[in-house]
Amino acid sequence: MRSEGTVDAGERELDPVDARLGVRLAELRAERGWSLGELAEHSGVSRSTLSRAERAEISPTASLLNRLCAVYGRTMSQLLSEVEAEPAQVVRAAEQPVWEDRASGFVRRSVSPPHAGLRGELVEGRLAAGADIAYDRPPVPGLEQHIWVLDGRLEVTAQDTEHRLDAGDCLRLRVWGPTRFRSPGPEDARYVLAVVLP
């Protein structure tokens with residue numbers, strides 16, 4: 001069974017985004033004056049995993065980042081934008097930051113990254129056929145999401161209700177508790193996620 005981190009740094013080439021992300025995670029913890037043990041209590045993530053993520057010894061999974069975002073009161077896009085270049089008004093396709101959780105088969109493209117003064121953002125998500133990602137809590141309670149399926153099929157579970165979405169379908173909701181995204185196949189699911197802060 002897989003832990004909350006992915007592969008060891010010794011088994012992969014160090015990603016510069018992971019390195020900057022590790023530094024930012026350490027800064028956020030230091031800003032609150034927390035020890036690794038205190039952050040572990042708040043997030044439910046082991047001290048060793050948190051330490052390895054801060055030192056960029058592992059590439060954090062979407063689930064791990066979601067837990068930390070919930071503790072720090074940020075969306076995943078906000079956190080990732082803090083370690084990426086300042087977004088321009090026009091974001092060219094070739095410049096849209098892409099992040100991949102290789103272990104779960106999830107690829108996330110920040111089509112319209114968070115920007116100061118704006119509450120919304122657009123994300124393109126790709127889930128490999130059979131991929132299943134569960135988030136135990138929203139990064140910000142009451143986060144508004146619009147999920148528009150472009151290709152394939154997507155099953156989204158929120159507030160104990162499963163929604164089966166085909167290409168063209170759109171699910172609108174506010175996220176208060178656990179959510180689950182599953183690509184039942186046979187092809188990959190590709191969708192647009194519009195996120196609006198409450």
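Here is a short tour of a predicted model, one selection at a time.

**Stop 1: the sheet.** Select strands S3, S4, S5, S12, S7 and S10, in that order, and you'll have walked across an open sheet of 6 strands with antiparallel pairing. S3 (98-101) and S10 (170-175) sit at the edges with a single partner strand each, so one side of each has no neighbour in the sheet. From one strand to the next, the twist averages 20°.

Now zoom in on S5 (residues 120-127) and S12 (residues 189-196): 8 bridges join this antiparallel couple. Click Gly-120, then its bridge partner in S12, Val-196.

**Stop 2: helix H1.** Select residues 16-31. Which residues of H1 are buried? Colour Asp-18, Leu-21, Gly-22, Arg-24, Leu-25, Leu-28 and Arg-29 to see them. Their cover includes helices H2, H3, H4 and H5, plus strands S2 and S3. After H1, look for Gly-33, which has a positive phi near 70°.

**Stop 3: the rings.** There are 3 aromatic pairs to find. Show Trp-34 and Tyr-72: the ring centres are 6.2 Å apart and the planes at 20°, so this pair is stacked. Trp-34 is in the loop between H1 and H2 while Tyr-72 is in helix H4, so the pair ties together parts 38 residues apart in sequence.

Next, show Tyr-135 and Phe-181, whose planes meet at 80°, so they pair edge-to-face. Tyr-135 belongs to strand S6 and Phe-181 to strand S11, 46 residues apart. Buried or exposed, Phe-181? Buried, at 6% relative accessibility.

Terms used: Residues are numbered from 1 along each chain as its sequence is written. This is a predicted model: local features need pLDDT of at least 70, side-chain atom pairs count only at pLDDT 80 or more; totals for chains, interfaces and linings use all residues. Side-chain values use heavy atoms; hydrogens and water are left out. Two strands pair if DSSP finds at least two bridges between them. Helices (H or I, at least four residues) and strands (E, at least two) are DSSP runs, numbered from the N terminus. Axes are lines fitted to C-alpha atoms, for helices over the stretch in contact, and angles run from 0 to 180 degrees between N-to-C directions. Buried means under 20% relative accessible area, exposed over 50%, partly exposed in between (1.4 Å probe, protein chains only). Contact means heavy atoms within 4.5 Å. Rings of Phe, Tyr and Trp (its six-membered ring) pair if their centres lie within 6.5 Å; planes under 30 degrees apart count as stacked, over 60 as edge-to-face and the rest as tilted.
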